[in-house]
Amino acid sequence: MAGTDTLARQLWKATEPIHAVVYFAPEPAEAARSTGLIGWWMGYFAGRVAPAGPLDAGAAQALFFAFPPRRVGRALPDAWSHATPEKVLRTRMEAAQAALERALPPVERQELERLVTLLERAVQGCGYEGRALAAAWSSVPRPAALVGRLWLATTVLREHRGDGHVVALVHAGLSGVEAGMSHVATGDVRRDVIQTSRGWTDEEWGRARERLTSRGLLGTDGRLTERGHALRLTIEEDTDRLAVGPVTHLGREDTEEAIRLAAPLSRHLIDSGVIPMPNPIGVPRP
């Protein structure tokens, strides 16, 4: 969608890497270990759902659409026997703030204050119907530190968009593994990046390919057919449409200002190697 990105998509590109330090910087992983969580994935799943309380595997799986149930089930609810959701949340937010304080480029405080103000206003435009992760994160009190507020605002915005993306995928009739495969079939991301990071087996991947082929979405070469391209385009358009609330609330001028202020920070995080390229999130350099 290069050259024709909606404002909602531009805002996502400009802010997603700021949130994503929590997945790639060392501080959050170290913080999870310090609370007693075992392994990176336990920290990942517990950290993302911590504001929602001590969820079990079944409830969490509904939120982690892209992952096989067994991967979620290895982490939850066992994580809560090692640390409470409140402790996981506190240490995760402190670690994300520390990572940004270390990794962000120098920025004038006035500009950072303006960006945080705009993004927090954008969050006010989020609707939470059917968006459990975004709703949970929206209830987290704002940190005192400006950089902590920046991370929390970008987190609510990304979970709001992510929840909407899952709605669009389910509406299109795609399962989690089929969503990953169809993304790979666009050519925008490699199979090893998606399949390995999500945890799907070769057998599961193969069955998903058979199903998508039978629907006429994949060709014999494993690439999207014309029908498949049309479906993926619809999914992305629906995702943008479902993410329009923050943009509408801010208005065009202020949204464009937020993008202008956030994009250099995100580019720095990518260019300095904090956020790898390519990455399993699929976010490009803004």
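Contact, in this talk, means heavy atoms within 4.5 Å. Hello everyone, and thanks for coming. The model we are looking at is predicted, so local features need pLDDT of at least 70 and side-chain atom pairs count only at pLDDT 80 or more, while totals for chains, interfaces and linings use all residues. Residues are numbered from 1 along each chain as its sequence is written, and side-chain values use heavy atoms, with hydrogens and water left out.

Let me begin with two helices. Helices here are DSSP runs of H or I with at least four residues, strands are E runs of at least two, and both are numbered from the N terminus. On the H9 side, the residues that meet H13 are His160, Arg161, Gly164, His165, Val167, Ala168 and Leu169. Their counterparts in H13 are Arg232, Ile235, Glu236, Asp238, Thr239, Asp240 and Leu242.

How do we describe such a pair? Two packed helices are described by the angle between their axes and the distance between the axes. The axes are lines fitted to C-alpha atoms, for helices over the stretch in contact, and angles run from 0 to 180 degrees between N-to-C directions. For H9 and H13 (residues 226–242), the angle is about 140° and the axes are 8 Å apart. H9 and H13 are therefore oblique to each other; angles under 35 degrees count as roughly parallel, over 145 as roughly antiparallel, 65 to 115 as roughly perpendicular, and the rest as oblique.

Now to charged pairs. A salt bridge is a side-chain nitrogen of Lys or Arg within 4 Å of a carboxyl oxygen of Asp or Glu. How many salt bridges does a search of the whole structure find? There are 24. Salt bridges that share partners join Arg9, Arg161, Arg232, Glu236 and Asp240 into one network.

Another salt bridge pairs Arg102 with Glu27, with 2.5 Å between the closest N and O atoms. This pair links distant parts of the chain: Arg102 sits in helix H6 (residues 85–103) and Glu27 in helix H2 (residues 26–34), 75 residues apart. Are these two buried or exposed? Buried means under 20% relative accessible area, exposed over 50%, and partly exposed in between, using a 1.4 Å probe and protein chains only. Glu27 is buried because its relative accessible area is 15%, whereas Arg102, at 46%, is partly exposed.

Next, please find Glu120. Glu120 forms a salt bridge with Arg149, and their closest N and O atoms are 2.8 Å apart. Here too, distant parts of the chain are linked, with Glu120 in helix H7 (residues 109–124) and Arg149 in helix H9 (residues 146–171), 29 residues apart. Glu120 has a relative accessible area of 8%, so Glu120 is buried; Arg149 counts as partly exposed because its value is 22%. Leaving aside neighbours within four places in sequence, Glu120 is in contact with Arg142, Arg149 and Ala153.

Finally, a word on the backbone. Leu76 and Pro77 are joined by a cis peptide bond, with omega near 10°, and Pro77 lies in the loop between helix H5 (69–75) and H6. The bond from Met277 to Pro278 is also cis, with omega about -5°. Pro278 belongs to the segment after helix H15 (252–271).
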